[in-house]
Amino acid sequence: MDSPRAVRLLLRAEFSALLRSPQGILGACFMFGAAGWALSKLAGNAELVNRLASGGLDPEESVLLAVVKWLAGGDADYLTRLLVERSPFISIFFVVTAFAIPFSAMITSLDQNATDIGNRGIRFYLVRVRRGQLFWGRFLGNVLFVGSTCLAVAVAGTIFALVLDAHHDALEIMTTGVWAFGALWLAAIPWIALMALCGNLTGNPLLAATLGFGTYLGIALIGGFGGWLVEGLKALRYLLPAPLRYQLLTGDLGGILLAAAATLGYATVFAWAGWFSLRRRDL
Amino acid sequence: MSGAVEIRGLRRSFGPVQALCGVDLDVPEGCTFGLVGPNGAGKTTLFSILAGFIRPSGGQVRVLGRPPDELPPGTLAVLPQDASFRRQVPVRSQLELFAKLQGLAPEAARRDVERVLELCDLREIANRAPDVLSHGMRKRVAIAQAFLGEPRMVILDEPIAGLDPAQARRIRTLIQAEAGKRTFVISSHVMADIETLCSRVAIIDKGRITAQPEVADLTRRGGVVVFTLEAAPPPELAAAFQALPAVAEVEAKSVERKLQISVRAGTDLDAACGDFLRVLVERRVAFVAMQKGTSLEDAVIEATEKPAK
């Protein structure tokens with residue numbers, strides 16, 4: 001059969017399977033949980049956030065904003081651009097949900113092929129489609145599912161901002177909302193590709209999860225805490241795309257494009273490695 | 001007749017273990033072919049290579065004239081051993097996806113799924129998820145997927161194992177009805193099934209094909225008659241048969257209550273059978289069954305144990 005049709009069929013089947021699978025539900029719930037927490041905090045601190053948008057509050061003076069600064073990093077200029085020039089409701093919401101995105105994306109996509117490799121169910125597919133079609137169909141199904149989760153979250157955040165933000169007009173808020181959605185989705189793709197690779201290498205969803213989360217948390221710990229002790233260790237954080245996600249929403253255009261290109265680069269490398277491992281291994 | 005399977009010098013090792021060591025095999029297109037041998041002989045490895053699940057370490061493999069991983073989707077169907085379906089997705093949805101992936105349009109896929117559900121008596125459970133089905137039902141679903149569309153060749157790894165007698169008969173009948181329309185390659189430990197379904201067999205042992213005879217030749221249907229008796233054969237019975245001019249050799253198996261009679265070359269076996277029956281009636285020896293040729297089971301055991309002796 002022609003390749004695009006096979007990929008499309010597998011994509012649709014994967015999306016549908018995720019809707020009723022534990023990992024699909026859990027991954028979406030994790031994202032919705034983070035979004036819900038952010039929205040509840042924003043609703044409770046609407047006055048403070050509005051003062052921030054009006055320029056009446058130094059971003060570094062508030063505890064809430066200190067959390068945002070800790071998550072997103074960046075200097076005062078970055079925070080001003082993030083929280084004053086754009087709707088701070090969406091920006092804060094984006095920073096919290098972006099923090100959750102690697103976890104949510106990895107949980108959702110931890111079993112693209114792993115169980116099927118382990119229990120040999122993949123053999124039912126191999127006489128019907130090429131290995132590449134199977135890999136890309138399922139990978140894109142996961143990308144679409146996580147994208148839908150991001151869309152739902154971004155829509156909720158935008159609606160909240162429209163109601164609560166007193167200093168930005170609707171068009172500005174909606175534009176930022178669309179941007180935030182795109183940034184969240186893009187930030188999720190390398191993690192989905194990473195889990196495709198882990199699943200294809202291990203052939204077991206639990207091992208894939210252990211490998212994926214272990215790699216993420218290991219690098220975060222070594223690059224983060226180790227970086228306090230030895231400056232050079234900070235560079236280790238760039239083995240994974242985690243530090244890039246906050247740069248996707250704001251900054252100068254060159255910086256955003258660079259972050260987007262680098263994020264896609266990570267996704268391409270992980271996805272290619274995942275596809276290669278599925279193509280070469282015994283099934 | 002062109003070859004459905006052509007294998008030359010096929011080798012496959014798993015670390016230090018040589019699963020296949022220099023297999024040569026030819027399966028004519030359109031025939032129902034059996035692959036038999038003891039556990040660990042290399043049957044599943046060979047099937048996995050034919051289906052493109054694993055790659056050979058060396059040698060050449062062509063299935064329907066192409067390397068396995070270059071076969072057009074849907075031309076080869078496989079019943080893999082111990083493969084599981086996606087747990088939460090209903091049987092009908094999974095079969096419809098498989099049919100569509102074979103290139104069928106949505107409506108045609110739906111019709112074809114209904115056809116195979118009916119063939120394998122699965123209509124009632126079609127909307128259930130595989131994880132709530134019994135082992136036998138899941139096995140039938142796996143068989144059903146192998147009959148979707150119009151594959152030119154079907155590989156069935158232990159198709160009857162785990163089925164109850166009624167379902168086993170149903171699947172046997174299904175394979176017999178489809179035989180001739182496409183090539184079947186079947187592996188089974190139940191030699192009676194292979195004997196019923198296949199016209200040719202390959203015997204594989206320790207990673208090598210030791211023989212590829214016609215089933216009729218292997219079981220010597222033209223030269224041996226086996227009687228299954230109600231009781232162990234009396235001692236003088238073998239001598240009585242041996243006295244007949246057509247008889248070359250008589251083997252009495254007391255525990256199995258069998259009498260195996262080999263006839264001389266050129267003997268009219270049907271005429272000789274009349275004489276054999278007469279001997280039994282005259283000596284009032286009751287028999288349960290008379291069979292031309294040895295059982296395939298005996299023939300395969302003999303063939304696989306011979307090199308070890």
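**Close-up views of chains A and B**

**View 1. Three salt bridges link chain B and chain A.** Here a salt bridge is a side-chain nitrogen of Lys or Arg within 4 Å of a carboxyl oxygen of Asp or Glu. One of them joins the side chains of A:Asp116 and B:Arg86, at 3.6 Å from N to O. This is a predicted model, in which local features need pLDDT of at least 70 and side-chain atom pairs count only at pLDDT 80 or more, while totals for chains, interfaces and linings use all residues. Residues are numbered from 1 along each chain as its sequence is written, chains are lettered from A in the order in which they are written, and side-chain values use heavy atoms, leaving out hydrogens and water.

**View 2. Chain B meets chain A through 38 of its residues, which touch 31 residues of chain A.** Contact means heavy atoms within 4.5 Å. About 2,900 Å² is buried between the two chains, 53% of it from carbon and sulfur atoms; this is the accessible area (1.4 Å probe) lost on putting both parts together, summed over both. On the chain B side, B:Phe53, B:Arg86 and B:Leu101 lose the most area, together 26% of what that side buries.

**View 3. In chain B, an open sheet of 3 antiparallel strands runs in the order E2-E1-E4.** Strands are DSSP runs of at least two residues (E), helices of at least four (H or I), numbered from the N terminus; two strands pair if DSSP finds at least two bridges between them. E1(B) and E4(B) pair over 5 bridges, and B:Arg11 stands opposite B:Gly58 in E4(B).
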